[in-house]
Every structure is written in structure tokens, then in C-alpha cells.
Amino acid sequence: MTTDSLPAPEPGLLLRLTGPLQSWGLHSHFSERDTAAFPTRSGVIGLLASALGRRRDQPIDDLTGLRLTVRTDRPGVLLRDLHTVGGGLPAKATVTTAEGKKRPGDTGTLLTHRHYLADAAFTVALTTPGATAGDRALLGLCAEALRAPRWSLHLGRRSCPPEGPVLIGRSDDALHHLLHLPLAARQARTTEPAGKPVEFLADRPLTHLPAPAHMTTGTDEDGSHPSSELNDQPVSYHPIRRPYRARPLYRRTLLLPHDQCAGLGVHQLRALRQYLDTRLDTTEGGRR
């Protein structure tokens, strides 16, 4: 892809979703609480709604119009945790059944299995479908809310807080920076000359990424066709009725330069700070 054929810049927000544990539920039901291998639309939009201080019964139509593109810096490790509820308590203090009764004897203890991603790191671009005054106002509102959230933020589940500030910055060319921001990953001891394979996931064809030719893998898998379908497009977060719609999932692997791997912890944060100071205008947004 030549420079002249690169997609038009898209305004948006850049987020850093990193923490000891993350859990982005997809099919969670009763005692089995699963996690997707990446941040879901419902989880990220819920994070924005929490930052804005919206109640569960308030509309989220403006937020569901945002486009989501995820870069997998570190996929993390799948962790399964066993939870017990009601054990060792007198009958009157155990879990109440659907009929309003108490569980007798050994059945008073409930077992649940909860899945997490441990030590995972993702960089996310939330972009608008247009560049109208309303689109920019929404981005500004969300950016301010993420800087000073009304309610606490979490990575999919309340027990999974982020390790630091979520908002990286606002840009008029968010997808360009999604490709070039330092990776929260160690450099491999043996490196392939072509670059480090990094997976991108989105809710639309990944041909919209402004990837130069040297980042492509040379295969036919350019993310132009959906790889699967997810039921994670939220309609409402109402505590009683919480419907979701299906949406396509697109995947694409790009080869990013090995020197873009900035390491872990403070090393990656320093590289990120240097990038922000020299290449991303975090006050007004935009590409330098």
C-alpha cells in the first residue's frame, strides 16, 4: 500500500488496557464466567459509560456508534479461578434459591468457575464514523471522563482494575498511532527480520488500517472478511434487561518493527511518555 492509497485519517481516542487481570465475558452463565481473549465492544463501551457516570438505565446510543480497533500487545495467560459462596455459614445465611428458600446441608455451598486473562496488554483505538462537530464533542466528552472518571474503571469485571490511567490521548489520526505506539512487550531474543507479528481485531474490515507495505505479511489474510461473529454489541445495560446484538469480528496480523517492543512496566511507560512528547499532541489531538 502506497502513501497515496492509505485510508483517510480518523479522529479518535487511544486507550491502554493493561492490568494484572482482565475478564471480558462473552457467554458467562450462572456458575461459569468465561472471558474472551481480547476486549469486547460491550466491555469497552461499558468502561466509557462508567467513566461518564451513566446509570444502567440510561441510553448508550451515542457510545455504540464508536468504532473499535484492538491491538494485542501481549495476549496474556488464561487463568481459571474457583470461587465458593455460602460455605461454612448457618443455613439462614447461605445463598437463597430461586424459590426464596435456603439450601440445606452440603448444597449450601455454591461453586463457580471464573476465567481471567493474566498479564495481558491491549492498545485500543476508538474512532468516530465522521468528523462532525457532534463526533468531536463526543470524543472530547469521553476523553475528559477517562481523565477524571465519575465511577471506578475496570477491565471487564469489577475485580479487574487497570494498572494505571486508561487514556493515552486523543488524535485526529488515531489509527496511525495505533500502529506506531510502543508495544507493551519484550523484544524476542531471536528476531525475524520481517518484524514482530501483532494481531489486530476490529468490528469492521481491517483494510481501514493505514499500514504501509512493509508491515503486511504478504498473505491473502488482509482482514477484509470477518473471521467470526460475536454477540457483544450492547443495546442497553439495564439491570433487568440487558440485550446484545451480533456483530462481525475481523482479524489481521501485521509485522511491527522489533524496536517498537518497549519492554514491560516502567520501561514501556517511559517509551510511551517519550512517544507522546514527540509524536502525539495530547492537548488538542493530532499527528505531528
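1. A polar contact here is a pair of N or O atoms within 3.5 Å; within protein, one must be able to donate a hydrogen and the other to accept it, and residues adjacent in sequence count only if both atoms are side-chain atoms. Threonine 35 supplies an example: its side chain reaches the backbone nitrogen of tryptophan 24 at 2.8 Å.

2. The model is predicted: local features need pLDDT of at least 70, side-chain atom pairs count only at pLDDT 80 or more, and totals for chains, interfaces and linings use all residues. Residues are numbered from 1 along each chain as its sequence is written, and side-chain values use heavy atoms, with hydrogens and water left out.

3. Confidence next. pLDDT is the predictor's confidence in each residue, from 0 to 100. The protein chain has a mean pLDDT of 87, and 85% of its residues reach 70 or more. Over residues 283-288 the value stays under 50. For that stretch the model has 20 contacts (heavy atoms within 4.5 Å) beyond four places in sequence.

4. Back to threonine 35. This residue sits in the loop between β3 (32-33) and α1 (41-52); helices (H or I, at least four residues) and strands (E, at least two) are DSSP runs, numbered from the N terminus. Threonine 35 is buried, at 15% relative accessibility. Buried means under 20% relative accessible area, exposed over 50%, partly exposed in between (1.4 Å probe, protein chains only). Leaving aside neighbours within four places in sequence, its contacts include Trp24, Leu78 and Tyr116.

5. Tyrosine 116 also has a charge over its ring. The charged end of arginine 157 lies 5.1 Å from the ring centre. The criterion is NZ of Lys or CZ of Arg within 6 Å of the ring centre and within 35 degrees of the ring normal.

6. The whole structure has 13 salt bridges, each a side-chain nitrogen of Lys or Arg within 4 Å of a carboxyl oxygen of Asp or Glu. Aspartate 73 pairs with arginine 71 at 2.7 Å, N to O. Aspartate 73 is buried at 5%, and arginine 71 is buried at 0%.

7. Arginine 247 and aspartate 232 form another salt bridge, with closest N and O atoms 2.7 Å apart. Arginine 247 lies in strand β11 (residues 244-256) and aspartate 232 in strand β10 (residues 228-234), so the pair ties together parts 15 residues apart in sequence. Arginine 247 is buried at 7%; aspartate 232 is buried at 1%.

8. Check the backbone at aspartate 119. Its phi is near 60 degrees, a positive value in a residue other than glycine. Most residues other than glycine have a negative phi. Aspartate 119 lies in the loop between β6 (110-118) and β7 (121-127) and is partly exposed at 44%.
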